[in-house]
Amino acid sequence: MKINYQKMLDEIIEKNEKQNIKPALLLHACCAPCSSAVLEYLYEHFNITLFFYNPNISPESEFTYRLEELKRLIIEMNFNDIEIVVPDYDNNEFEALAKGLEDLPEGDKRCKKCYRLRLMKTAEYAKENGFDYFTTTLSVSPYKNAQLLNEIGGDLEKEYGTPYLYSDFKKKEGYKRSCELSRKYNLYRQNYCGCVYSKQISEKAEEKNND
């Protein structure tokens, strides 16, 4: 049975508003474009802290560029009260889980393990720092499996005890809005997810299109 995660999110927001509650949310952010529409949507309903944990991104210069774009977005959208937590960059954390899975296509087992690693670290930080919820911006992308992300989040909720904010941010034209905001703020939109393997796939696709 297909679950309407967007409806679940709307119900949580409505319940909190009726109780005049604005919960603390730890929001895993993968990049500025994906974060833009999600922040616009959630800002009035949650006290948000961004968690920029993405050891999959390679090289480190790409990681830094995406982080700087996220910082710029926060300023330009006037969300100056939002803190960005940035754990130390260590690509080896990702490479360890990707070992033996390097040749798999995008969206396969390597990506699933990557999602879980990033969400696990988010859940861990949320528990240690007393957040009411944790979630990720990843589901705003039409290339990401929202059902899988929510299933991982639900499992981690049971493991760590902090509620996962079920969501599918591509709904209600969330992805379209992220593209609009990216143009408005002239955001850097990368052509690959982040890891060296997704970059290789992107480059091969470009070469094929140019043939």
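Before the close-ups, one term: a residue is buried when its relative accessible area is under 20%, exposed when over 50%, and partly exposed in between, using a 1.4 Å probe and protein chains only. This is a predicted model, in which local features need pLDDT of at least 70 and side-chain atom pairs count only at pLDDT 80 or more, while totals for chains, interfaces and linings use all residues. Residues are numbered from 1 along each chain as its sequence is written, and side-chain values use heavy atoms, with hydrogens and water left out.

**View 1. Strand 2 and its two partners.** Helices (H or I, at least four residues) and strands (E, at least two) are DSSP runs, numbered from the N terminus. Strands count as paired if DSSP finds at least two bridges between them. With strand 1 (residues 24-28), strand 2 pairs in the parallel sense over 5 bridges, and here Ala24 sits opposite Asn47. Strand 2 also runs parallel to strand 3 (residues 83-85), joined by 3 bridges, with Phe51 facing Val85.

**View 2. How the chain gets from strand to strand.** Helix 2 (residues 32-42) sits with strands 1 and 2 in a right-handed β-α-β unit. Helix 3 (residues 60-76) does likewise with strands 2 and 3, again in a right-handed β-α-β unit. Right-handed here means that, with the strands pointing away from the viewer, the path from the first strand over the helix to the second runs clockwise.

View 3. His28 belongs to strand 1 and is buried, at 0% relative accessibility. Its C-alpha atom is 9.7 Å from that of Ile84, 56 residues apart along the chain. Thr137 is in the loop between strand 4 (133-136) and helix 6, and it too has a relative accessible area of 0%, so it is buried. A polar atom of the Thr137 side chain lies 3.4 Å from the backbone nitrogen of Cys30. For a polar contact, a pair of N or O atoms must be within 3.5 Å; within protein, one must be able to donate a hydrogen and the other to accept it, and residues adjacent in sequence count only if both atoms are side-chain atoms.

**View 4. The largest pocket.** On a 1 Å grid over the protein atoms alone, a pocket is an open set of points where a 1.4 Å probe fits, with protein on both sides within 12 Å along at least five of seven lines; lining residues have an atom within 4 Å of a point. The largest one has a volume of about 710 Å³. Its lining has 32 residues, and the closest to the centre are Ser141, Tyr143, Lys144, Tyr192 and Cys193. Helix 5 gives the largest share of that lining, 5 residues.

View 5. Most residues other than glycine have a negative phi, and most peptide bonds are trans. Ser58 and Pro59 are joined by a cis peptide bond, with omega about 0 degrees, and Pro59 is in the loop between strand 2 and helix 3. Asn78 has a positive phi, near 60 degrees; it is in the loop between helix 3 and strand 3 and is exposed, at 58% relative accessible area. Asn186 has a positive phi as well, near 55 degrees. Asn186 is in the loop between helix 7 and helix 8, and its 63% relative accessibility makes it exposed.

Terms used. Grid points are joined across faces, edges and corners, and a volume is the space filled by probe spheres set on the points.
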